[in-house]
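Dear colleague,

Please read them with the model open beside you.

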Amino acid sequence: MDAFFASVEQRDDPSLRGKPVLVGGTSGRGVVTAASYEARKFGCRSAMPMAQAMRLCPQALIVKGRHGVYSAVSRQVMTILESFSPDVQPVSIDEAYLDCSGVLRHHATGQPDADGFGAGQLIAEQIRRRVRAELGLTCSVGVAGNKFVAKVASDLNKPDGLCVIRPEEARDVLGPLPIGVLRGVGPHAAEKFTALGIRTVAELREADAATLLALTSQFGDQLDAWQRMCHGHDDRRVHAGEAQKSIGKEQTFRQDDGDLGRLLAVLMKQAEHVCRELREAKLLCRTVTIKIRTGDFLTVTRSCTLDRPASSVADVFPVAERLLREWGAGNRVPGGGVLPLRLLGISLHQLTDQQQLDLFAAKADERHDKLDAVSDAIVAKFGSGAISRLRSLGASRPDDSNRR
Amino acid sequence: MKVICERAALLDAVNQVAAVVPQRSPSPALSCLKLAASRQGNYGQLVISGSDAETSLQLTIMQVDIGEPGVAVVPAHKLAQILSAVDQSDPTVTLELDGETCRIKGARSRFTIYTFPAADFPPLPDFAATVSGAAPQPARAVFAHQAGALKRVIERTEFASARETSRYAINGVLFKRDGKKLEMVATDGRRLALCRSSVKAGDKEEGPTQCIVPKKALSLFGKLVKDPLSTVQVAITDNRAFFAMLDVPAEDFKPGKTAPQPRAVLSSLLVEGSFPPYEDVIPKDGDRKITILTEELARAVRQASVLTNEESRGVRMAFGARSKTLKLSSRAPEMGESEIECSLADFIGDDIEISFNPQFIAEALRTLDESEVLLELKQPNRPGVFKVGTDFLYVVMPVNLPA
């Protein structure tokens with residue numbers, strides 16, 4: 001999807017259309033989660049601190065994200081993809097791989113199409129048409145013989161693009177691209193490549209033995225995979241129905257906060273949110289992790305594995321609370337409170353769609369399940385602020401209301 | 001104290017008792033063993049005791065020659081290490097207390113370790129006094145059982161108990177004795193094992209007795225049984241259970257004052273709290289009755305569990321009535337899938353498909369020596385029951401798999 005969160009906002013609010021839009025924490029200490037293409041012209045990027053984005057583009061309109069809406073739209077997109085082929089592997093909320101190799105005949109063009117790329121292109125066009133017509137959003141599709149090249153192709157004509165790279169063209173198309181297109185080459189690795197005079201894919205392909213030796217000593221086995229990618233090879237399969245790996249929620253505070261009571265209220269709010277998302281996806285989690293970033297940008301995580309998979313706040317929150325309290329016990333500051341936090345977050349891992357049933361299903365569990373079901377229904381109808389646990393109140397500072 | 005011991009017998013006993021003792025303890029004397037050498041008439045004996053505040057174990061070895069009676073308190077795990085390191089060529093080893101140190105002599109090696117004052121070693125609960133009623137906590141029930149038979153009942157239940165306690169006290173095995181009937185039950189909330197056995201009437205009976213014995217004590221029990229036909233005497237007080245191993249055939253055992261001195265006494269504090277209402281969850285309405293060869297099912301379940309993982313534990317089991325086959329299928333995301341076939345000895349009822357954690361089934365089958373098991377099922381979201389005769393049943397809750 002193109003600038004996914006920002007596009008959804010522009011779709012739903014006409015006053016945002018054609019204007020630079022930043023989605024993310026509105027406090028100025030938050031992070032950009034999406035920037036519209038208008039904002040990208042100013043250099044704004046997702047994952048950039050909001051303050052920096054606002055300096056780059058002061059006229060940008062800032063929107064607080066509506067993540068419930070984004071996941072709902074994401075599911076609509078995945079449903080469209082699944083109507084073409086059952087082999088859909090979602091990679092993130094707005095990206096997925098689709099293996100069409102089994103359905104090419106079904107989409108035959110009638111033209112000679114020995115390698116099936118004609119049918120592939122047809123499917124891509126239909127996907128784009130349906131996403132536009134049914135959801136009012138644009139997306140970019142890449143068609144290729146494997147996952148890596150397809151991903152590169154989808155990025156080539158962004159936004160609202162379609163790009164087909166046949167296997168025999170892959171080498172030529174990849175050659176001039178920066179080394180950073182290779183999966184796993186981040187800014188850090190790219191720097192190491194640059195130091196050895198390699199900036200593009202072609203340069204790595206043609207590197208001499210001495211350079212390769214130097215690279216091998218730095219990257220080891222990873223280099224083999226990159227070299228294969230340089231030639232357009234990638235033998236990873238599309239894993240349909242691949243489970244979501246984790247669900248998380250975090251918040252950067254307007255002002256570093258060391259009040260344990262307030263932090264716990266924030267954590268409760270986040271726990272309610274992630275548990276609701278977990279239940280929407282019909283999953284259970286086995287591990288609860290909290291993420292803590294102090295004012296000096298030191299980030300730590302603490303995890304705990306549950307006795308049995310859970311999706312209820314009543315099971316998840318006490319664990320998260322204990323983790324935060326344990327951290328707090330080791331990080332008290334004189335005068336009360338804990339080391340002030342810049343960021344606090346919770347994430348759920350080891351997700352499973354299997355539920356081991358209990359012999360002695362407790363009355364208490366049944367009550368929690370009912371409470372969850374009712375509050376899910378209320379949230380679905382009236383929005384996420386409509387109902388929450390008492391413990392999540394007091395999540396904002398007393399002076400916040402004055403400032404707004 | 002000076003004792004010459006048979007090396008192998010001593011090592012074996014020290015290892016068993018040391019298994020009870022914590023590696024680290026706030027008070028060093030608590031991670032020690034107490035060795036007490038004495039002469040009883042013409043015989044010498046060495047009593048080795050160890051404890052972890054909850055469980056305690058006392059073993060008596062007779063393969064000793066007492067030079068000088070006495071008591072030594074020595075670090076348990078260090079002593080075990082020394083005894084296994086000492087020369088194998090010499091069949092004996094000599095322990096000698098000299099002031100505050102204990103010398104351990106083999107053929108070509110000599111070790112000296114520091115001991116602790118005997119007074120620092122906590123007193124262990126006294127089995128004889130408990131049975132006679134002289135102890136502050138007298139036994140409310142005492143009965144004898146064939147050691148091998150009790151071992152079997154324990155093995156068929158203990159594995160199903162929980163490691164941690166929950167709102168119910170399930171980190172132990174329920175021990176229920178009523179007249180000649182003994183019933184043990186263990187559960188971790190997802191499966192439940194129940195095994196029955198009949199005991200000789202006890203020498204002290206005050207109506208039905210019921211208690212929860214911790215997992216740790218029961219897991220030590222099996223190793224204490226040397227001769228399955230010998231006797232184990234069980235005593236239960238308000239907060240403790242005792243298992244005393246007697247070198248007397250269970251057939252010949254007569255309760256009363258003539259009972260010989262036990263070779264081993266295992267005792268444990270009981271688990272406090274209430275056991276869940278387990279009788280309510282044993283289904284009685286399973287209308288699919290399936291008979292399977294134990295080994296055939298064990299093989300199939302083992303094979304199917306290869307392609308499962310933490311996030312995907314369930315194995316789908318499709319029972320076909322007409323074909324009398326069971327098809328198991330498992331799937332580990334991003335890894336692969338398996339399909340296993342298993343033939344059924346008999347099947348009464350309609351086809352059914354249900355999913356279980358294969359580990360739960362495998363653990364139960366491992367304890368069985370009978371060639372066939374009966375499985376009763378009702379619905380995919382209702383528990384299944386494995387039965388062997390009338391003395392063993394095992395309830396397993398299914399896993400809800402996505403459609």
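Contact here means heavy atoms within 4.5 Å, while helices (H or I, at least four residues) and strands (E, at least two) are DSSP runs numbered from the N terminus. Axes are lines fitted to C-alpha atoms, for helices over the stretch in contact, with angles from 0 to 180 degrees between N-to-C directions.

This is a predicted model, in which local features need pLDDT of at least 70 and side-chain atom pairs count only at pLDDT 80 or more, whereas totals for chains, interfaces and linings use all residues. Residues are numbered from 1 along each chain as its sequence is written, chains are lettered from A and ligands numbered from 1 in the order in which they are written, and side-chain values use heavy atoms, without hydrogens and water.

In chain B, nine strands form an open antiparallel sheet in the order E14-E11-E12-E13-E26-E25-E24-E18-E22, where two strands pair if DSSP finds at least two bridges between them. Strands E14 (209–214) and E22 (346–348) of chain B each have a single partner strand, so one side of each lacks a neighbour in the sheet.

Helix H5 (residues 215–224) of chain B lies across E11, E12 and E14, at about 85° to E14(B). Helix H6 (residues 294–304) of chain B also packs on the sheet, where it touches E18, E24 and E25 and makes about 90° with E18(B).

Strands E18 and E24 of chain B pair over six bridges, and Ile292(B) has Val373(B) as its bridge partner in E24(B).

Elsewhere, helices H1 (residues 7–18) and H2 (residues 76–85) of chain B pack at about 150°, with axes 9 Å apart.

Best wishes
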